[in-house]
Amino acid sequence: MYLRELHLTRFRNYQNCLIEFETQKTILLGNNAQGKSNLLEAVELLATLKSHRTSKDQDLVFQKAEVGQIKAIVKRLYSETELTLTLRQKGRRTVAVNHESLRRQIDFLGRLNAVEFSSLDLDLVRGSPEKRRHWIDALLIQIEPVYAYILQEYNKVLRQRNALLKTIRKSLDEGEVNSEESTWEQLALWDSQLAANGSRVMRRRARVMARLAPIAQQWHRKISKETEQLNIEYAPNVNWLEDNPQVVQQAILDRIKLRKVAEENLGTTVVGPHRDEVEFTINETPARSYGSSGQQRTLVLALKLAELELIETVVGEPPLLLLDDVLAELDLDRQNQLLSAIADRFQTLITTTHLSSFDQQWVKSSQILTIDNGTINKK
Ligand SMILES: Nc1ncnc2c1ncn2[C@@H]1O[C@H](COP(=O)(O)OP(=O)(O)OP(=O)(O)O)[C@@H](O)[C@H]1O
């Protein structure tokens, strides 16, 4: 797929900016805080309807403006589509495809695919489990857009169940024995909802990890010159023996029973995919605590290359690659591995503050755009 045009109106620090992408590779060159990451964020939003930098639309709209917009023309093998995402300071965002508004946001997903790689991605290894859950979820949304809906439903159930557990906790604090039957009936209802929705999330996470792990392992072996063996293990909060909805749901219900007292005392849900983890080990040592920063970079690079490949296999077309200031973080050897893997296969947008760290061949074959305080010029 190919992003031909991007038009940003009152988005972040862009007032009105039209960018036409003329080659497979674009270098976005500019000093700090000029709008390079903002531009990649716009593409990320079109691909996932999420930004890894903020969950508030107010942050995305140009200061004090009411409405901001991201518009793009995407060329696919057999079609060309115009995508429009309208963001509001107050009120809901809206989406349109070829000028037609869509009622459901998930119908917007899957029309543009992108893998982003920024220095923040090192947090994938070092950061909290939440970072890794977000990472799997963002990948799943791209290869199976209905997952966005499944996750949203799970989170709704989780919020409601937590609210009920909080009330139970409060009455325990106040010394009331909560004997009201309706409270326990309600909780039993939320238990089964949590199990039904939780099993959908967990089974999909398990499946995508099973597909991604061998690809990432292969890349990792190659980048580490066969010296290191990566292992990726999805560690769900609940274990099950068979990939079958009933089996997984029952496993969740059994664990809820086991953790009943803890949940009531804490006043929150402790069982479910919101407590999942992904474990990375290198030569059987946990990468998070023992990996050197070089090893951690190799690991993240292998994961990103695996994401590109997996999306390409599932979608049938190569996704875009967004590299946010990341080349400088990699040594020459890893840079070359990345650049040769990309070659001309993936349309790549890459931000940098200076061109000197780039391979000259790469510079020659790229379109170079300079970014200065929300305005873009060809170099
Ligand atoms: N909603 C907004 N309205 C106006 N300006 C904004 C908004 N959100 C962010 N900005 C501005 O965008 C700029 C940051 O841009 P961006 O994060 O893209 O930096 P960058 O060019 O990638 O720099 P770096 O190299 O430091 O990552 C800052 O000047 C910030 O004030």
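**Confidence and overall form**

Modeller: Gladly! The protein chain has an average pLDDT of 94, and 99% of the residues score at least 70; pLDDT is the predictor's confidence in each residue, from 0 to 100. For the complex, the predictor gives an ipTM of 0.91 and a pTM of 0.92. This is a predicted model, in which local features need pLDDT of at least 70 and side-chain atom pairs count only at pLDDT 80 or more, while totals for chains, interfaces and linings use all residues. Residues are numbered from 1 along each chain as its sequence is written.

Colleague: How many helices and strands does the protein chain have?

Modeller: There are 12 helices and 15 strands in the protein chain. Helices (H or I, at least four residues) and strands (E, at least two) are DSSP runs, numbered from the N terminus.

Colleague: What makes the protein chain as compact as a globular protein of that length?

Modeller: Its radius of gyration is 23 Å, close to the 21 Å that the globule rule gives for 379 residues, so the protein chain is as compact as a globular protein of that length. The radius is taken over C-alpha atoms, and the rule is 2.2 Å times the number of residues to the power 0.38. Along the principal axes, the C-alpha trace spans about 75 × 55 × 40 Å.

Colleague: What share of the contacts with a separation of 6 or more comes from residues 24 or more positions apart?

Modeller: Such residues account for 73% of those contacts in the protein chain. A contact here means that two C-beta atoms, placed from the backbone, lie within 7 Å.

Colleague: Which residues does the UniProt annotation "binding site" cover?

Modeller: The unreviewed entry lists Gly30, Asn31, Asn32, Ala33, Gln34, Gly35, Lys36 and Ser37. Such annotations may be inferred rather than shown by experiment, and UniProt positions are given in the numbering used here, with feature names shortened.

Colleague: How do you know that Gln34 and Ser37 are buried?

Modeller: Gln34 has 21 other C-beta atoms within 10 Å, so it is buried; Ser37 has 22, so it is buried as well. Not counting residues up to four places away in sequence, Gln34 touches Ile371, Asp372 and Asn373. With neighbours within four places left aside, Ser37 is in contact with Asp324 and Thr351.

Colleague: What makes the span of H10 close to the expected one?

Modeller: Helix H10 (residues 293-315) has 23 residues and reaches 33 Å from its first C-alpha to its last, close to the 33 Å expected at 1.5 Å a residue. The expected span is 1.5 Å times one less than the number of residues. H10 is mostly covered, with 17 of its 23 residues buried, and is followed by Gly316, whose phi is positive, near 90°.

Colleague: Why are S9 and S11 called edge strands?

Modeller: Three strands form an open antiparallel sheet in the order S9-S10-S11. Strand S9 (230-235) and strand S11 (285-286) each pair on one side only. Two strands pair if DSSP finds at least two bridges between them. Six bridges join S9 to strand S10 (residues 277-282), and two link S10 with S11, so both pairs meet the cut-off of at least two.

How values were computed. A residue is buried if 20 or more other C-beta atoms lie within 10 Å of its own, exposed if 12 or fewer, and partly exposed in between; C-beta atoms are placed from the backbone.
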